[in-house]
Amino acid sequence: MTVFEKIIEAIRPFGYPYTAGVYEGKEKRWFTFNFSDDYGDAYADDTPQSVIVEVQIHFFLPYEEDFTRVKNKIRNAIFRQGFTFPEIHILKDENPDIRHLVFECKIEEREGE
């Protein structure tokens, strides 16, 4: 399973639209996700034995909505898919009516995945 497939497995149960990159729909809540870094790790004989992929998973929702419960549920769903426990940044979007949560985490990508 690819890294993006693992992200989708984590967020699909929430029932909100999702996409890699920019969401252009009309829903009030949605996910986007992207790679933020990708590097070799666990070197042996000057060759990486694994690749660490850092990702950002973004959740957007109405600004006035209480986000604390859903934030914790999303973080736990991502963690259960094998990612490191996400660090969360809570931002105000350019649109003053939107809150933007960013979940940053890592996962090891093995050869052939």
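1. R12 and E9 form a salt bridge through their side chains, with an N to O distance of 3.2 Å. R12 is partly exposed, at 43% relative accessibility. E9 is also partly exposed, with a relative accessible area of 36%. The model is a predicted one.

2. A search of the whole structure gives three salt bridges. The other pairs are taken in turn below.

3. E65 and R29 meet through their side chains in a salt bridge of 2.6 Å, N to O. This pair joins distant parts of the chain, 36 residues apart: E65 lies in the loop between β3 and α2, and R29 in the loop between β1 and β2. E65 has 25% relative accessibility and counts as partly exposed. R29 is partly exposed as well, its relative accessible area being 23%.

4. K106 and E54 form a salt bridge between their side chains at 3.8 Å, N to O. Here too the pair links distant parts of the chain, with K106 in strand β5 and E54 in strand β3, 52 residues apart. K106 counts as partly exposed, at 35% relative accessibility.

5. Helix α1 covers residues 3-11. Its buried residues are V3, K6, I7, I8, A10 and I11. They pack against strands β1 (18-20), β2 (30-44), β3 (47-62) and β5 (98-109), and against helix α2 (68-80). Strands β3 and β5, which the buried residues of α1 pack against, also hold E54 and K106 respectively.

Terms used
Residues numbered from 1 in each chain as written. Predicted model: local features only at pLDDT ≥ 70, side-chain atom pairs only at ≥ 80, totals over all residues. Heavy atoms only, no water. Buried < 20%, exposed > 50% of the residue type's maximum accessible area, 1.4 Å probe, protein only. Helix = DSSP H or I, 4+ residues; strand = E, 2+ residues; numbered from the N terminus. Contact = heavy atoms within 4.5 Å. Salt bridge = Lys/Arg side-chain N within 4 Å of Asp/Glu carboxyl O.
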